[in-house]
Amino acid sequence: MTTVKEIAELAGVSRGTVDRVLNHRGSVNEETRQRVMKIAESLHYKPNKAALTLASQKKKILIGVILLGETSGNPFFEDVAAGVEYQSTKLKDYGCSIHTIRTGYDAEEQITAIDEMVERGIKGLVITPVDDERLAEKIKQLQQKNIPTITANTDLPDSGRLGYVGSDYYAGGRTAGGLMGLVTMGSGVVGIVSGYKKNQDHQNRVKGFTDVLHESYPQLRVADMKENNDNDVESYIVTKTMLEDHPEITALYYAAAGVAGGMRAAMELSRNELHIISFDEVETTKELVKQGKIAATISQQPFQQGSKPIKMLFDYLATGVKPPEFFYTENSIKIRENIDRPEPAFDEAMLIRAEED
């Protein structure tokens with residue numbers, strides 16, 4: 001483990017100077033500050049728990065969290081919220097508190113939530129943002145007020161945010177494309193059901209999927225693509241329409257939520273022979289995998305998407321150690337034989353060890 005003494009020796013300064021830089025106190029020459037921070041980041045410096053407790057308790061850190069809620073129609077975020085709650089409990093002893101607001105897919109609602117957070121005196125923000133220029137501008141304003149932001153699950157890279165924790169959506173799409181090629185033996189007709197056309201993440205999942213089909217499975221043809229707005233009711237409607245309009249479809253790719261609604265339409269039409277690849281491990285999807293109706297689903301570790309950004313932001317606020325710009329959660333493949341096996345992030349002991357490494 002890297003120590004303050006080692007950083008001081010490499011930077012050619014005293015341990016007191018390193019302490020002032022890492023804990024943002026006292027006056028330090030800007031060139032020296034940058035040199036110390038660069039060395040600390042390159043060595044992945046993390047303060048010991050005693051120092052972290054002392055620093056954070058002095059600052060009384062309040063972190064705001066804005067997640068999509070029940071009105072979004074996507075149960076995936078309940079597992080993200082569980083990760084937030086886990087980290088909130090863990091950080092209480094360090095003088096850190098969490099204030100969470102759940103919103104729908106609405107930029108104005110999220111902007112209003114940010115204003116409420118600022119009034120409460122948050123020191124940093126974790127948010128699952130909708131893709132909107134007004135929201136990106138709002139996050140830039142937070143940066144100007146020295147309130148850093150980490151995005152979770154979805155990203156706004158042009159917002160000046162400190163970092164992103166979540167899935168690599170293009171890589172997830174490529175994984176889904178590879179799975180589809182395997183389960184169909186590389187031949188057939190595919191229907192794609194995505195969430196939002198304006199959601200760049202959903203677009204990346206579709207692009208990754210179709211790129212793999214073009215590169216490796218030219219006998220797999222995409223017949224149609226529809227949006228379900230991450231909603232089971234709309235998913236039912238668009239899936240039923242697609243299958244009725246294209247009876248030649250032999251496989252379905254669900255690039256977002258709404259899997260249960262779409263599957264209900266397929267079963268009502270007695271299309272039990274369809275090869276289906278989906279995302280996430282919400283309970284309805286897990287049950288369909290167990291029944292053999294979905295060949296495979298791809299998990300993006302929602303619990304860690306809730307827990308990890310809070311831990312990263314807390315470490316930054318308490319010690320000044322900058323997190324990586326991108327922390328990608330694993331796109332793990334779940335089939336009937338392993339669907340009940342929890343991700344490592346759900347194992348508390350493993351999560352603690354991973355965070356302390």
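Predicted model: local features only at pLDDT ≥ 70, side-chain atom pairs only at ≥ 80, totals over all residues.

Me: What makes the pairing of the E281 and K334 side chains a polar contact?
Reply: The two side chains come to 3.4 Å. A polar contact is a pair of N or O atoms within 3.5 Å; within protein, one must be able to donate a hydrogen and the other to accept it, and residues adjacent in sequence count only if both atoms are side-chain atoms. So 3.4 Å falls inside the limit. The E281 side chain also makes a polar contact with the side chain of S299, at 2.9 Å.

Me: Why is E281 called buried?
Reply: Its relative accessibility is 17%. Buried means under 20% relative accessible area, exposed over 50%, partly exposed in between (1.4 Å probe, protein chains only). So at 17%, E281 counts as buried. E281 lies in the loop between β9 (275-279) and α12 (283-290); helices (H or I, at least four residues) and strands (E, at least two) are DSSP runs, numbered from the N terminus. Over the chain of 357 residues, 54% are buried.

Me: Why are α6 and α7 called roughly parallel?
Reply: Helix α6 (residues 107-120) and helix α7 (residues 133-144) pack at about 15°, axes 9 Å apart. Axes are lines fitted to C-alpha atoms, for helices over the stretch in contact, and angles run from 0 to 180 degrees between N-to-C directions. Angles under 35 degrees count as roughly parallel, over 145 as roughly antiparallel, 65 to 115 as roughly perpendicular and the rest as oblique. So α6 is roughly parallel to α7.

Me: Which residues of α6 and α7 meet?
Reply: On α6, I111, I114 and V118 are among them, and on α7 the list includes L135 and L142; contact means heavy atoms within 4.5 Å.

Me: What about α5 and α13, how do their axes cross?
Reply: The axes of α5 (residues 76-91) and α13 (residues 302-319) come within 6 Å and cross at roughly 35°. Among the residues that meet are F76 and Y86 in α5, with F303 and F314 in α13.

Methods
Residues numbered from 1 in each chain as written. Heavy atoms only, no water.
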